[in-house]
Amino acid sequence: MNIPFVSFEAMHSEIEDKMLAAFKKVYEKNWFIQGCEVEEFEQEFADYCGAKYCVGCGNGLDALFLILKAYGIGEEDEVIVPSNTYIATALAVSYTGAKPVFVEPKIEYFNINPALIEAAITDKTKAIMAVHLYGQPAEMYEIKAIAQRYNLKVIEDSAQSHGATYKGIKTGNLGDAAGFSFYPGKNLGALGDGGAIVTNDKELADKCRALGNYGSDYKYHHIYKGNNSRLDEIQAAFLRIKLRELDRWNKRRNEIANRYINEINNDAVALPVTAADMTHVYHIFGIRCDRRDNLEKYLNDKGIGTNKHYPIPMHLQGAYADLNIEKGTYPIAETISSTELSIPMYYGMTADEVSYVIDVINAWN
């Protein structure tokens with residue numbers, strides 16, 4: 001049996017007629033930037049997250065960057081980020097001229113460890129960027145309590161957590177502002193790049209919107225040195241269709257995850273753990289294994305697609321060589337990078353395919 005790491009086929013086949021109708025509607029309207037589809041999606045996604053405002057932008061990295069820029073974070077400032085995440089989190093900080101300061105995760109949850117944050121705070125720290133990695137929220141109450149003591153902003157990197165909740169509150173509505181990605185592989189994915197900022201702060205939302213539109217609050221009137229980062233009308237139309245299906249798709253991901261967690265029984269494999277008061281949406285189902293590369297080859301030879309999130313930690317990437325961080329400085333991030341293996345997790349996996357993945361992993365020794 002051949003099972004890809006990810007497939008959009010089942011998802012897209014179910015909504016094909018609606019997606020084509022959405023394309024036709026935008027195509028015939030001949031309005032492709034900053035139109036009614038974006039306005040409608042922004043309101044619908046804000047409502048979905050339980051927040052007041054949503055601002056569409058070009059991608060998830062831009063969403064985080066625009067938030068930081070709108071808060072005035074820049075040269076000489078520091079922003080705390082997890083040592084274990086995709087590099088876009090740190091890049092958003094670097095683009096402002098500020099310095100990312102890494103804090104280790106809890107290895108069982110993959111997310112930043114709130115108990116380690118306070119020691120990383122200096123008089124230059126301006127914000128904590130909490131990542132809801134793989135689809136599980138970070139421990140936001142603890143993070144927000146620390147931020148309040150030091151008057152720091154809390155920014156959610158929600159790129160992988162569409163629909164996840166912490167204590168009944170959806171990600172995107174847990175900090176001062178949140179950045180989402182709609183990259184095609186996300187639980188809520190466009191048919192190209194896209195992103196959004198979600199917040200309850202009108203002043204921030206307005207500033208982010210202007211910053212992403214060449215610094216303009218209305219046509220040819222530029223109040224900031226801005227960027228060009230806007231959500232396309234066609235992608236917004238597609239996302240509106242998909243948003244209506246998101247909870248159903250996330251429910252199926254949880255069904256697959258529950259089978260993996262309950263039926264994978266191999267002492268060499270560590271399964272992910274969901275923290276208390278969380279709902280996980282399993283953008284990624286990441287297992288850990290000390291012989292990760294051997295397990296990956298075995299699975300690939302059996303026709304099972306895999307991926308690694310992420311094989312080189314940020315502090316050891318060439319992009320951050322200027323920080324002069326030695327190997328061993330962040331051992332938990334390094335351990336995750338060398339042991340994490342992502343196995344198939346997508347809407348459309350059949351019961352037989354899930355069983356095959358489970359049986360193959362259980363047979364490995």
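Biologist: How do the residues of the lining of the largest pocket divide into nonpolar, polar and charged?
Modeller: This is a predicted model, and its largest pocket has a volume of about 660 Å³. Of the 34 residues that line this pocket, the closest to its centre are Tyr 86, Gln 160, Tyr 183, Lys 186 and His 283. The lining divides into 18 nonpolar, 12 polar and 4 charged residues.

Biologist: Which element gives the most to the lining of the second largest pocket?
Modeller: The second largest pocket has a volume of about 380 Å³. Gln 34, Glu 42, Val 55, Arg 209 and Asn 213 are the closest to its centre among 25 lining residues. Two or more lining residues come from each of helix H3 (36-49), strand S1 (53-57), helix H7 (202-211) and strand S10 (216-218). The element that gives the most, with 5 residues, is H7.

Biologist: Which element gives the most to the largest nonpolar core?
Modeller: In this core of 35 residues, Leu 68, Val 79, Met 129 and Ile 155 touch the most other members. At least two core residues are supplied by each of S1, H4, strand S2 (78-82), H5, strand S4 (125-131) and H7. With 8 residues, the element that gives the most is H4.

Biologist: With which residues is Leu 68 in contact, leaving aside its neighbours within four places in sequence?
Modeller: Leu 68 is one of the residues that touch the most other members of the largest nonpolar core. With those sequence neighbours left aside, its contacts are Ile 73, Val 79, Ala 92, Val 93, Thr 96, Met 129 and Ile 155.

How values were computed
Residues are numbered from 1 along each chain as its sequence is written. This is a predicted model: local features need pLDDT of at least 70, side-chain atom pairs count only at pLDDT 80 or more; totals for chains, interfaces and linings use all residues. Side-chain values use heavy atoms; hydrogens and water are left out. On a 1 Å grid over the protein atoms alone, a cavity is a set of points where a 1.4 Å probe fits but cannot get out, and a pocket is an open set with protein on both sides within 12 Å along at least five of seven lines; lining residues have an atom within 4 Å of a point. Grid points are joined across faces, edges and corners, and a volume is the space filled by probe spheres set on the points. Ala, Val, Leu, Ile, Met, Phe, Trp, Tyr, Cys and Pro count as nonpolar, Asp, Glu, Lys and Arg as charged, and the others, Gly among them, as polar. Helices (H or I, at least four residues) and strands (E, at least two) are DSSP runs, numbered from the N terminus. A nonpolar core is a set of buried Ala, Val, Leu, Ile, Met, Phe, Trp, Tyr and Cys residues joined through side-chain atoms within 4.5 Å. Buried means under 20% relative accessible area, exposed over 50%, partly exposed in between (1.4 Å probe, protein chains only). Contact means heavy atoms within 4.5 Å.
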